Amino acid sequence: MTELALKKNAPPASSYLLDFWRKLQKNRMGLVGLGMLLSITLAAVFAPVISPYEPSSTADVGAGDIYQPPSAEHLFGTDDAGTDIFTNFIYGSRVSLTVGFFAAFISIVVGGVLGIVAGFFGGRWENFIMRFTDIMLVIPDLPLIVVVVALTKPSLLNIIFVIGLLGWTTTARVVRSQTLAVKSRKFVLRARAIGAGRGHIIWRHVLPLVMPILVVQAVLVVSLAVLNESTLAFLGLSDPTTVSWGQMLNYAFGRGAMSTGAWWALVAPGFGIVWVVLGLTLLGQGLEQVLNPRLDTHHLMPGRPNVGKEAEVQSGATKPVLEVRNLSIDYVSQGKAPAHAIENVSFSLKEGELLGLVGESGCGKTTLMLGLLRLLPQAGQIVNGSVFFGGKNLTMLTEEEMNAVRWSGISIIFQGAMNALNPVRTVGDQIGEAIIKHMPGYPKEKIQGRITELLDLVGIAASHKDSFPHQYSGGMRQRAMIAMALACNPSVVVADEPTTALDVMVQAQILELLAELRRKLGLAVIFVTHDLGVVAEMCDRVLVMYGGVTAEYADVDTVYNDPRHPYTQELLKAFPDLTKPKKKLSSIPGYPPRLDALPPGCRFAPRCPAVFERCRTEQPAIHAIPGGAEHVASCHLVEGVK
C-alpha cells in the first residue's frame, strides 16, 4: 500500500490548475508579465515561421545594405554585416531564453536542495551549508562568472552550467528560512507523531509550502540568468556559433553603430532584454500574490452547547494501559546549565480512564505530553525515568520503533488545530495520511470510506472531506483533529488543551464529543487544560503540576474536596463555584518560576501563603497521603500525616 492510493482519490490536478488560473486572471500584474513572457517565448519557438530571412545570412548583401534604417523590407533595419536585425532578434531570443531557463533550473534545484537540507536537518549540515553560502555571497556573482567562463571554452553549455552553478546562493538562503518556519509548525510535529519519516515529511509537508517561494524565486532567477548571459555576450564571452541579444549589442558597439548613428542596431536587442526581464519581474510579483494562501470561506457547525458529565464514569480495569515513572526532562543549551522542565513526574492511566493535567502556563504540561511521545524539540532530552506502554519502555525504543507506537497506540490532539493542519492539503488527505502510514494493508478502495466514517464520527459531513483547513470553522478544525487522532484506533489519546481559542459554545460541543467518544470507544484520555470546571465534570483523576514537578495527584473528588497542596488550594480559590455565589475569588500573586532560575527549595515557595523557612532551602519529596485511594502531594506540610 502506497500513497498512490490516497492520491488517486484526491481532486484531479486539472482542478488545482483551473483554480490557479482563475486567481491569476484577477491579478493584472501577473497577467501582464505572463503575456509579455509568452509573446517572446512564442516568437522564439516559431522563429523559422516568423523571420523573413535566414539568421546571419549574408547572401546578396552589398555595401549599400550595411546599417540600413528600419524599412518595409527590414523592419528593424540591418547591422554592420547587412543582415536583417529583426531575424537576428527573433533567433537571438532563443539563445537568451534557453540560457535563462536552463541555468535557472540548475540554480533552483541546487539552492532548493541545499536550503531544505540546511533548514530541516540543522546542526552540522546547516552550519557547513550556510557558511559555504556566506562565502559564495561575499564573492560578486558576475565577476566570478566572467572569470570562470573566460578560463573555460565559451560554449553555450558551459555558460548555462556556470551561471546555474554560481547563482544558487540567494535561493538557498530563502528556502532555508522558509523551511525553518515550516519545520516549527504544529502540522509537521503532527506528521512526526503519526510516524512519518524525514523523507515523507519533507516531500509531503515541507516542500508544498516551500514550492510557492521556489516558483517565484525561479521566475526571478530566470531574469537574472538572462542578464548574466547578455553581459557575457556583450563582453565577447558568448558562443561564437550562436546569435544572442548580448552578442548583437557587442557587435553594434564594437563595429561603429554609435558613430554612424545606427541606433536601431542597439535598440532591438536592448528592448528584448528589458522586455523579458520586466515581464519576468511582473510575473514573479503576481505569482507571489496568487500563491499566498487566503482565508476566505468558513462553514459553521451546528450543535448543542451541552457539557457532558463524565466524572461518574469509572474504569473497571486494574492494569494501567500507560504508566509513567519518575520522568525527568531537561532543555539543554550549549554553554548554559540544563533547564529542568520536568522532574520526577509519575502517574498511571487505566483503560477508559480520563486523567486531567492541570497547572498554569509554563508548568510543564505540554513538555510532559511531548515527552511521552518522544516528540520533544531538539534541545529537549529525557534524562531519567521510564514510560511503559504495551509492555515496552518507550524511552528505550528507537525512532523507528516509536513510529510504530505513535498514533496506532498513543495519538495526540494538538493545541491550535489551525497550526496543526497543513494549509495546502485537504483535511481528508491529512486524515488518510495516518491510515496509510500505520495500516499498509488497508484496502485502498476503502480509504475514502474510512475517512468519511471518521468525519461522521466527529460530526463533520462527508461533503467537507476535500475542503482545506481554512474553509473550516474553528470548531470543525478541532473536530477534524479528533478524527485524525482516532484514525488508527489508538488506546490512549492525549488532548493538549483542545478547546483553546474557541468560544464557549463550541468548547461545550468539543467536550461533549470527547466524552461521547471516550464512552463509545473505551479510550484512555489525558486531558491538558486550565479549566478546573472541565476537570470537575469530565475527569476521573487529576495531576496538578507546578514548575515541572508534581504538586498533587489524586482522584477528582479528593482534589476538589480535600486538597492538601497549597498550590491546589489556591487554584480552587480562583475558580468560581456556582453553588457558593458569595464565595470571594482570589488570584495567586506572582508567576511560575523560570526554568533557568528555579528557587533552591520548594518551587512554589515564593508564592505560597503557608511558606516557612524549610520550604526555601529544601525541595519537598512526594508524600503519600493515607485515605484509601492513591493520593500524593509534594509539600513539607503533609510529611508524616497519618
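Trainee: What should I know before reading the numbers?
Mentor: The model is predicted, so local features need pLDDT of at least 70 and side-chain atom pairs count only at pLDDT 80 or more, while totals for chains, interfaces and linings use all residues. Residues are numbered from 1 along each chain as its sequence is written, and side-chain values use heavy atoms, with hydrogens and water left out.

Trainee: How many residues of H19 are buried?
Mentor: 11 of the 12 residues in H19 are buried, meaning under 20% relative accessible area with a 1.4 Å probe, protein chains only. Helices are DSSP runs of H or I, at least four residues, and strands are E runs of at least two, numbered from the N terminus.

Trainee: What do they pack against?
Mentor: The partners of the buried H19 residues include H10, strand E6 (410–413) and helix H20 (504–521).

Trainee: Other helix now. Which residues of H3 are buried?
Mentor: They are Gly30, Gly33, Met36, Leu37, Ile40, Ala43 and Ala44.

Trainee: What classes of residue line the second largest pocket?
Mentor: The lining has 13 nonpolar, six polar and nine charged residues.

Trainee: Which domains does the lining draw on?
Mentor: At least three residues come from each of domain 1 (16–296) and domain 2 (322–409 + 490–562), with bounds from an automatic or database domain assignment.

Technical notes: Buried < 20%, exposed > 50% of the residue type's maximum accessible area, 1.4 Å probe, protein only. Nonpolar A, V, L, I, M, F, W, Y, C, P; charged D, E, K, R; others polar. Contact = heavy atoms within 4.5 Å.
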